[in-house]
Amino acid sequence: MNILILLFMLLSTNEVIIDSKLTLKEATKGTKAPKEVLDSIVLLDLEYYSFDNKVHKGQILVNKAVEEDVKYIFNLMLKNKMQINKMIPIVKYNWDDDKSMEDNNTSAFNYRFVANTTRLSNHALGRALDINPQLNPVFYSDGKMSPPNGKRDTTKAYTFTADHFVVKELKKRGWRWGGDWTSLKDYHHFDKLD
Ligand SMILES: [Zn+2]
């Protein structure tokens, strides 16, 4: 076999697709977060298995207090080949959570209010994590779904249910899961307050 072909094969098996490669400054550009909040935020480069059956590398902004839990759960999802669509800091969506959800983008930090309220979200401190939001949409008590293009199919491995390994592992580490809430069901949402 030609040595170049062999080299190409070796390289292509280790191929990681880069979905995002921002600096911390670029990833936090335009946020309204005060300095003391920004000082607690870190930018993580993490790998995940995506819908093209390839390993991708994306980025997520989280609070330092939950950094180890987030790294742990991404490593576990990668090992289990649980598909994550993409993970790009929300600055790329002009800090618009609706646009990010519609695009099935996984994210954490966003200095914003809880939808339809003037209460700061746990995302504002980087202590909340939204995974595959379009495939794990929110259902409000009036039956409305968000994002509007959401799809929830509980036969799929990426759909969160009470016995999903991600839900169980995060709860073990003190996280809450939005699927447990009764006022609304936020299936893609996890948070850890302290
Ligand atoms: Zn959320």
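Helix α1 covers residues 3–13, and L4 lies within it. The model is predicted. L4 counts as exposed because its relative accessibility is 60%, and exposed means over 50%. L4 also belongs to a nonpolar surface patch, together with I3, L6 and L7. The accessible area of these four residues together is about 420 Å².

Helix α4 comes next. It runs over residues 67–79 and holds 13 residues.

Which residues of α4 are buried? They are E67, D69, V70, I73, F74, L76 and M77. An α-helix has 3.6 residues a turn, so residues three or four places apart point the same way. Keep that in mind when tracing the buried positions, among them V70, I73, F74 and M77. After α4 comes K81, with a positive phi near 50°.

Helix α6 spans residues 165–172. H164 sits in the loop that leads from β6 (145–146) to this helix. Is H164 buried or exposed? H164 is buried, because its relative accessible area is 8% and the cut-off for buried is under 20%. Which residues touch H164, leaving aside its neighbours within four places in sequence? The contacts are M82, A157 and T159.

Conventions: Residues numbered from 1 in each chain as written. Predicted model: local features only at pLDDT ≥ 70, side-chain atom pairs only at ≥ 80, totals over all residues. Heavy atoms only, no water. Patch = residues over 30% accessible without salt bridge, like charges linked within 9 Å, V, L, I, M, F, W, Y side chains within 5 Å. Areas by Shrake-Rupley, 256 points an atom, 1.4 Å probe, with all protein chains shown as cover. Salt bridge = Lys/Arg side-chain N within 4 Å of Asp/Glu carboxyl O. Helix = DSSP H or I, 4+ residues; strand = E, 2+ residues; numbered from the N terminus. Buried < 20%, exposed > 50% of the residue type's maximum accessible area, 1.4 Å probe, protein only. Contact = heavy atoms within 4.5 Å. Expected span 1.5 Å × (residues − 1).
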